[in-house]
Amino acid sequence: MKLSRQFTVFGSAIFCVVIFSLYLMLDRGHLDYPKSPRREGSFPQGQLSMLQEKIDHLERLLAENNEIISNIRDSVINLSESVEDGPKSSQGNFSQGAGSRLLPSQQLSLPIDSKDCVFALQSGGQSSDVQMLDVYSLIPFDNPDGGVWKQGFDITYKTDEWDTEPLQVFVVPHSHNDPGWLKTFDDYFRDKTQYIFNNMVIKLKEDSRRKFMWSEISYLSKWWDIIDTQKKDAVKSLLENGQFEIVTGGWVMPDEASPHYFSLIDQLIEGHQWLEKNLGVKPRSGWAIDPFGHSSTMAYLLKRAGFSHMLIQRVHYAIKKHFALHKNLEFFWRQNWDVGSVTDIFCHMMPFYSYDIPHTCGPDPKICCQFDFKRLPGGRVGCPWGIPPETIYLGNVQNRAQMLLDQYRKKSKLFRTKVVLAPLGDDFRYCERTEWDQQFKNYQLLFDYMNSQPKFNVKIQFGTLSDYFDALDKAEASSRKSSQSVFPVLSGDFFTYADRDDHYWSGYFTSRPFYKRMDRVMESHLRAAEILYYFALRQAQKYKISKFLSSSHYMALTEARRNLGLFQHHDAITGTAKDWVVVDYGTRLFHSLMNLKKIIGDSALLLILKDKHTYDSYSSDNFLEMDMEQKSQDSLPQKNIIRLSTDPRYLVVHNPLEQDRHSVVSVYVSSPTVQVSSAEGKLVEFQVSAVWDTANSISQTAYEISFLAHTPPLGMKVYKILESASSKSLLANYVLYNGKTETKGIFNIKNIKSAEEDIMLENSFIRLQFGPSGLMEKIINKEDGKHHEVKLEFSWYGTTSKKDKSGAYLFLPDGEAKLYGYTTLPFVRVTRGRIYSEVTCFFDHVTHRVRLYNVQGKITEKHTVSNLIIPNRHEREASLRVFSDIHSENSLVLQIQPRMTMSKLPLQANVYPMTTMAYIQDAEYRLTLLSAQSLGVSSLKSGQIEVIMDRRLMQDDNRGLGQGVHDNKITANLFRILLEKRSVTNMEEEKQSVSYPSLLSHITSSFLNHPVFAMTEKVSSPTPQLLGEFSLLLSSLPCDIHLVNLRTMQSKGGNGHSDEAALILHRKGFDCRLPSRDTGLLCSTTQGKMLVQKLFNKFTVESLTPSSLSLMHSPPDARNISEINLSPMEISTFRIRLR
């Protein structure tokens, strides 16, 4: 029987291959774009008719063979009966050929290469000397008074310690310039930053021993655009002789908690590309002195960009003390998942409270402040400790030099070498010429004296960050006794940050959530625009489409990159700027969002036009426009209403992801009597739902239609939509609880006073149970009949009654959250339809909706949770809690980083940043909350995930902002909940320092953050001829590989583009111990290997060469490659040229 079945499979497969070969031959032989400039329209009409008949015939044959394909599928599953769940050894690539067009109703296990499962089972991070999870367990967090170094301890030394090897001190002048905070980016530049640059050019030239460094390229670029050639040459000269250094070189110094890694990479590339083009410099060292906590992701990105050293500052004061005691302030930072040392980057952690001068020369700020010569008597700023600096002269130089050297020596005792870094700067320093003279002249007198005294055993000078790291590397090499480094290896990260007492900076993880959501929307638009633009550009060049080639799209793309980059600044996306500065950021994002919509529409049109030469006729006025429109920078996007007639309108659905995809598309139309069909005329099933003007009032002019769209990877599918009297509409039904509506219209609406029984929604996989308030309480799995408690509720936090209160940065609650109360049950609206069903409940401050799709395949089965937060007048912080019966104890995983909820820490210390997902788990189940925006999250009790959704605070938290957070907007946030069965036998594995999402979870997160784009044709005459479907990829990429970006690169000269693009790929680590059946995904894993020539459809790869992440460096053996090979977790950039 088994042999017979195998023959059936083999014979059927051959038949399908023959059919598809005929189809492809016909497609390539007759339907490809003409090689000559002759237009498609010039084919004789008879020939076209014959071709159309052949196509129709082949499509009928394909339809008849659906059953055969289904049999193959079932046979494959039967032949693989020994492998039901978990690792798959099948080498077959289901993303190739016919398999990529299977319907989502079919029961397929993901073909996962068994070798791809090994990585997640390895114990990453165990090779580290210092694991941050262990450090948190070790430290008592008792905060005793440390003396002059309040958060530390007394430091002593013997004067003869430097007799054999002198102390080397590098005093590093710098100026920290926030691209927006108390003033806008432009205002800061006008009032301060331009003068820093202007004075730098003059003052560094006066003495070749002077040094200075800079990090924010957004400001440098703005200044560069307004200065003359003489100044530009002076800057280049200072860079060449080492007096001026660019550190990090990103567009901004980004926050490291809230941004998605897409934006972190993008702003780094934007800065580095600008530097390459204008200055020809490549930054070597990372400098991050002001982000509020530090992420291991940033360390990895810098390493991949070619950096070998980096510096961080804002780390919990108790961790700084612990590291100082063990001389671990300098270490090799290794990724938790790295089982080797390939990700190691050397990191210096500044030991004291701040990066300002009082906290950088040594442990005693009262003394260090006396060496900040901007604070000399008569100036605008003095020393809070009451003792001002003194101008250095012959009479006091000995005494002052000894005082300062004492601090340097004490600081050196916290490190493992005799090389000391002493930063000399603060916010917007050196903008006046007087300060340049005050600092540089007084310090030079001190240096000259110290260096002239042999008894001091010190060599001191101005330096840059790389000067320090070079001297450190040299000192470490000479003191190394074996091949082993003198520095420890560390894994983990540095959240959540506290600068003193119980002042944890976990408030900013959520502050201004409206803009955190807008940031993610902007990212998805920028990524889609980048990818479509590069392909459209290549087509425009091939077909000489002058209108596209002469457009301002590349300038608009560059501006969008920079506006998104600016928003990654650590006072922008964090929500910690003044109200009007937030409006400035929002306006920039909004402006670029409008431009990106046009680029997406124009590029998509060019790609999907049958005759490219007709592009000029249609592109003038956004022929394809988005179905969503945002009216202003602070308003939510609204759906446009498509005006229907009996003439069909095109609806183009674009899938921006690299996976074949089935997605529910919902659009608003002017009539309920609608017909939806594919471009070939095949009718599509759809649901008609009401558009609600208010909670209980139905629009009489708009209707929502929803249908399942199957879109190819990085592709477009064309649908036709028209008004039709013969429409067989599947109308949604409604049940309203605790209220009613008088306007029913065409819909069947039932009014019920209150819910006596539980409200239920279901599809073929699960049933959801809701209580009388409309909040979800249970998930029932239909496969095994198990009931799982997954209960949603809202709660409020107040702020503490102590002197220091919550603000934009700090979260200082008044205890545990209080349940969101209501005296009467909320109005609840239940929708039931063929495509989706949902429960919406209307509270005073939140409109909450849970939607369940009635489409098979787990990728569309997860229920979407969306909240509309309505600002309240009271000082409160709103949270959504998910309770479950999972025994997660005190653990929570964010992205891939496990966290422990610690009772020895205050509540606010156990809140962490969630960029994309958080999950809790036990031996049997995992519950994942996937998020479409960055927010603060915690798991304060076993089985619970709590996410802070919005914050309204009336007072400042004394961190410099000078205001509360009271510019709250009506804010949408979007989540998906995923409950997965696990197969874990050894719970000891749960104590590892890294954990991985399932493939299903990864792809769900991608789908959530990169929704399909629905674009409608503006009414025009004549209607253009569009391809029915177009994919930029030959097939789906492997399930674990994400195309981060395809970014058109700048030209070497001028402001235009080049023919090259940066192809950025990420191979994600995933856990195989979660089921892979019935996912609805049609992709495989291939051990990170992809053949270059099999990537793209209709485009040929001319060249593909590896590069560093931000394109600064090429490997020494860089050459054109034919196969891409990525390791798990690797993010890599390639220079690519297509034709």
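Student: What should I know about the model before reading its values?

Tutor: Residues are numbered from 1 along each chain as its sequence is written, and side-chain values use heavy atoms, with hydrogens and water left out. In this predicted model local features need pLDDT of at least 70 and side-chain atom pairs count only at pLDDT 80 or more, while totals for chains, interfaces and linings use all residues.

Student: What is the mean pLDDT of the protein chain, and where does pLDDT stay under 50?

Tutor: The mean pLDDT, the predictor's confidence in each residue from 0 to 100, is 88, and 88% of the residues reach 70 or more. Over residues 1–11 the pLDDT is below 50, and over residues 52–107 it stays under 50.

Student: Why is Phe 1007 called buried?

Tutor: Buried means under 20% relative accessible area, exposed over 50% and partly exposed in between, with a 1.4 Å probe and protein chains only; Phe 1007 has 8% relative accessibility and therefore counts as buried. Phe 1007 is found in helix α22, residues 999–1009, where a helix is a DSSP run (H or I) of at least four residues, numbered from the N terminus.

Student: What makes a set of residues a nonpolar core?

Tutor: The set must consist of buried Ala, Val, Leu, Ile, Met, Phe, Trp, Tyr and Cys residues joined through side-chain atoms within 4.5 Å. The largest such core has 268 residues, and Phe 323 and Phe 494 have the most contacts inside it; its largest share, 16 residues, comes from helix α16 (residues 513–543). A second, separate core of 30 residues includes Val 667 and Val 1012.

Conventions: Contact means heavy atoms within 4.5 Å. Helices (H or I, at least four residues) and strands (E, at least two) are DSSP runs, numbered from the N terminus.
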